Amino acid sequence: VSTITAAASFNFSNPSYVALYVGWDMIYDRFNDRNIYLPKNIFGAALMARTDAIANTWDAPAGTTRGKISSLGQNKLFNGTEIGILRDNNINTSKFIRGQGGNFMWLQKTALRKASALSDINVRRLLIYVENSIENSLLPFVFESNNDKTRLRIKSILDGFLGQVASGGGFNTDIDAGFLVVCDRTNNT
């Protein structure tokens, strides 16, 4: 209750760029030869970095495939009901799974409270990746002529890049390619 109350007191200007975590995990501090507790958000950030290294940026940094937390234990083991309440309040935590060898990040929610795909960390990270990549790829076109040839080159670059993202599972491709690039006279007068 105190965690949910504290989380509700935050006022984020764009909550889809924020992730809240609850809990602490114990690790061995080899420099001081003792066990210490670190907040769960450190492990959340580490899992995002590990996901970037071993999978796609848009894959969830949670679950048994990419969400293993290398710790000696947790300060609080949440039960299924408590994890459900935290999920409903967009607060991430981990879960100890017997038979899987430890603690796993079990939620991947942003602080966005309204129903939206942007309430999932992997979707927000996908959009950040796409936005940054597209911005960089379009820099050579700044100050170029706004004509059919330039727009066709831009469309070709974006179709190729987004096609790679789609083939890597970044978009729902149940309908067409999962994306549509429009770069013509209808949006570039």
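Reader: What share of the contacts in the chain between residues at least 6 apart in sequence join residues at least 24 apart?

Author: The share is 52%, where contact means heavy atoms within 4.5 Å. This is a predicted model, in which local features need pLDDT of at least 70 and side-chain atom pairs count only at pLDDT 80 or more, while totals for chains, interfaces and linings use all residues. Residues are numbered from 1 along each chain as its sequence is written, and side-chain values use heavy atoms, without hydrogens and water.

Reader: How do you know that the chain is more spread out than a compact globule?

Author: The chain has six helices and eight strands, which are DSSP runs (helices H or I, at least four residues; strands E, at least two) numbered from the N terminus. Its radius of gyration is 21 Å, well over the 16 Å of the globule rule for 189 residues, so the chain is more spread out than a compact globule. The radius is taken over C-alpha atoms, and the rule is 2.2 Å times the number of residues to the power 0.38.

Reader: Why is Val142 called partly exposed?

Author: Buried means under 20% relative accessible area, exposed over 50%, and partly exposed in between (1.4 Å probe, protein chains only). Val142 has 43% relative accessibility, and therefore counts as partly exposed. Val142 lies in the loop between helix 5 (121-138) and helix 6 (148-167).

Reader: What makes strand 7 and strand 8 a pair?

Author: Two strands pair if DSSP finds at least two bridges between them. Strand 7 (residues 94-97) and strand 8 (residues 102-105) have four bridges, in the antiparallel sense. Ser94, for instance, has Met105 in strand 8 as its bridge partner.
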